[in-house]
Every structure is written in structure tokens, then in C-alpha cells.
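Trainee: Could you walk me through the side-chain contacts in this model before I look at anything else?
Mentor: Gladly; here is the entry.

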Amino acid sequence: MGIMTRFKDIMAANVNALLDRCEDPEKMIDQYLRNLEQDFAKVKAETASIMAEEKSAKRKLDECDAEIAKMTEYAKKAVAAGNDDEAKQFLAKKAELTQKQSVLAQNYELARGNSEKMRQMHDKLSSDIASLKSRRDMLKAKARVAETQKKMNTLGSGLESAGSNMAAFDRMEEKVNKMFDEADAMDELNARPEENDVDALAKKYDTGAQSAAVDDELAALKAEMGL
């Protein structure tokens, strides 16, 4: 059957192996799920159709078996009534039905086999889809965790950079403070030391004494010269 040939690879599909080969697992799982669900819809419809064929074949076989049993009973009643000719007619009909029964039995076995295969395919595909959905949810959750970890790693790098910048700023501040201290020290070295107030006051009086001595000497010189 075409449907069996078309979907026979689904029965042997290894979902886990397909996922392991995905370059972008999250997107590939979504796409693969969509493909599987499309196939599943076709398989489901075909399975229902083949199961209906099986039921139809079984019903026809059961009807034929019932007719054969009925002809047998009629033949017995005809014999019991002493009507051999009528019994022969019933037995002839039974033989005709028995040949038909053989064909119907073959048709039923074929329909039953196809129905069983389709049900197996249907169940496996349903299981694969459920497994994929579960793995998809786990994968997406893991991807979100990985993305969060990536952001935190980036943030951690930024904090390390900020710490490095702060350390550099501290070094520059220390350097500026050192330069300021050196300049202040140089100002102190260049500045003339202020004299002690008492020493300055003593010089004032020392100057006055020197002036008085000069005046006395000038007066003595004038007296000597008669001026």
C-alpha cells in the first residue's frame, strides 16, 4: 500500500539521533514537530480508514459464516422432513458460501494485518511527538537558563571592568595628592622664615641705641671744632 511505503520510515525514526544532529535544536525541534504532526494527521486519517476496512471485512466474513451455519441448519431440517432434494439445495448454497468465505477470510486477514501495522505506526508516531514535546520544553528551558547565564557572565565582566577603572582612579588620585604635597613642601622651603617677634623688637631698640651713639659722636666732633 502507498501509505505503508510512504510512512514506513517513521516506524524506524530515531528521534534522539535527529535531535543530536540539529545545528539549532530549538528551531529544528519546532520544525520537526510540525512535520511530524502533519504526518500524524495523515497517518491518523489513513489508520481510521484501514481500521474501517478491517471492520467491514470482518462483518462480511461474519455474515457469510452466519449464512453457512443457516444453510447447514436448513439442510438438517430438510433431511429430517424427508426432503432430500431441498437438503441438496441448501448444501449447494452452503458450498457456494464456503468458497466465498475463503476469499472473505483472506481479505479480512489482509485488512487486519494492515490495520495492526497502521495502529503501530500511529501509536509510535504519537509517542514520538509526545517525547519531542517534552524534550522541546526541556531544551527551551535549558536555552533560557543558558541565556541568563550568558547575561550574568557579561555583567560580571562589566563589574570587573568597573573595578579596574576604580582602581585606576584611586591610583591617579594618589598621584595627584602626592604632587600637591610635593608642591606644598616646596612652597614651605621657598618661603623666608618669619623672625621671632622678640628678636624683631630687640633690633628696633638696637637701632635706636646705634643712632644715639652716632648723635653723641657728632656733637663731640662739633665741639672740638668750635662749631
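Mentor: What follows goes through salt bridges, nonpolar cores and ring contacts in turn.

Mentor: Bear in mind that this is a predicted model, in which local features need pLDDT of at least 70 and side-chain atom pairs count only at pLDDT 80 or more, while totals for chains, interfaces and linings use all residues. Residues are numbered from 1 along each chain as its sequence is written, and side-chain values use heavy atoms, with hydrogens and water left out.

Trainee: OK, salt bridges first, how many are there?
Mentor: The count comes to 9 salt bridges, where a salt bridge is a side-chain nitrogen of Lys or Arg within 4 Å of a carboxyl oxygen of Asp or Glu.

Trainee: Which residue does Lys-133 pair with?
Mentor: Lys-133 forms a salt bridge with Glu-37, and the closest N and O atoms are 3.5 Å apart. Because Lys-133 lies in helix α4 (residues 84-190) and Glu-37 in helix α3 (residues 25-80), the pair ties together parts that are 96 residues apart in sequence. Helices here are DSSP runs of H or I with at least four residues, numbered from the N terminus.

Trainee: What about Glu-54, which side chain does it meet in a salt bridge?
Mentor: Glu-54 meets Arg-119, with 3.4 Å from N to O. This pair too links distant parts of the chain, since Glu-54 is in helix α3 and Arg-119 in helix α4, 65 residues apart. Glu-54 counts as buried at 13% relative accessibility, whereas Arg-119 counts as partly exposed at 26%. Glu-116 also belongs here, as Glu-54, Glu-116 and Arg-119 are linked in a network of salt bridges.

Trainee: What else does Glu-54 touch?
Mentor: Leaving aside neighbours within four places in sequence, Glu-54 is in contact with Tyr-108, Ala-111, Arg-112, Ser-115 and Arg-119, contact meaning heavy atoms within 4.5 Å.

Trainee: How accessible is Ser-115, then?
Mentor: Ser-115, which has its place in helix α4, is buried with a relative accessible area of 0%. By the contact rule that skips residues up to four places away in sequence, Ser-115 touches Ile-50, Met-51 and Glu-54. Its side chain also makes a polar contact of 2.6 Å with the side chain of Arg-119; a polar contact is a pair of N or O atoms within 3.5 Å, where within protein one must be able to donate a hydrogen and the other to accept it, and residues adjacent in sequence count only if both atoms are side-chain atoms.

Trainee: Switching topic, what makes up the largest nonpolar core?
Mentor: The largest core has 12 residues in all, including Leu-36, Phe-40, Ile-50, Met-118 and Leu-125; a nonpolar core is a set of buried Ala, Val, Leu, Ile, Met, Phe, Trp, Tyr and Cys residues joined through side-chain atoms within 4.5 Å. Helices α3 and α4 each supply at least two residues of this core, and α3 gives the most, with 7 residues. Apart from it lies another core, of 9 residues, among them Cys-64, Met-71, Leu-104 and Ala-111.

Trainee: And how many aromatic pairs does a search of the whole structure find?
Mentor: The search finds 1 aromatic pair, formed by Tyr-74 and Phe-90, and it is tilted, with 5.1 Å centre to centre and 40 degrees between the planes. Rings of Phe, Tyr and Trp (its six-membered ring) pair if their centres lie within 6.5 Å, and planes under 30 degrees apart count as stacked, over 60 as edge-to-face and the rest as tilted. Tyr-74 is partly exposed at 34% relative accessible area, and Phe-90 is partly exposed at 25%.

Trainee: Last one, which charged end sits over the ring of Tyr-108?
Mentor: That is Lys-58, whose charged end lies 5.9 Å from the ring centre, the rule being NZ of Lys or CZ of Arg within 6 Å of the ring centre and within 35 degrees of the ring normal.

Key
Buried < 20%, exposed > 50% of the residue type's maximum accessible area, 1.4 Å probe, protein only.
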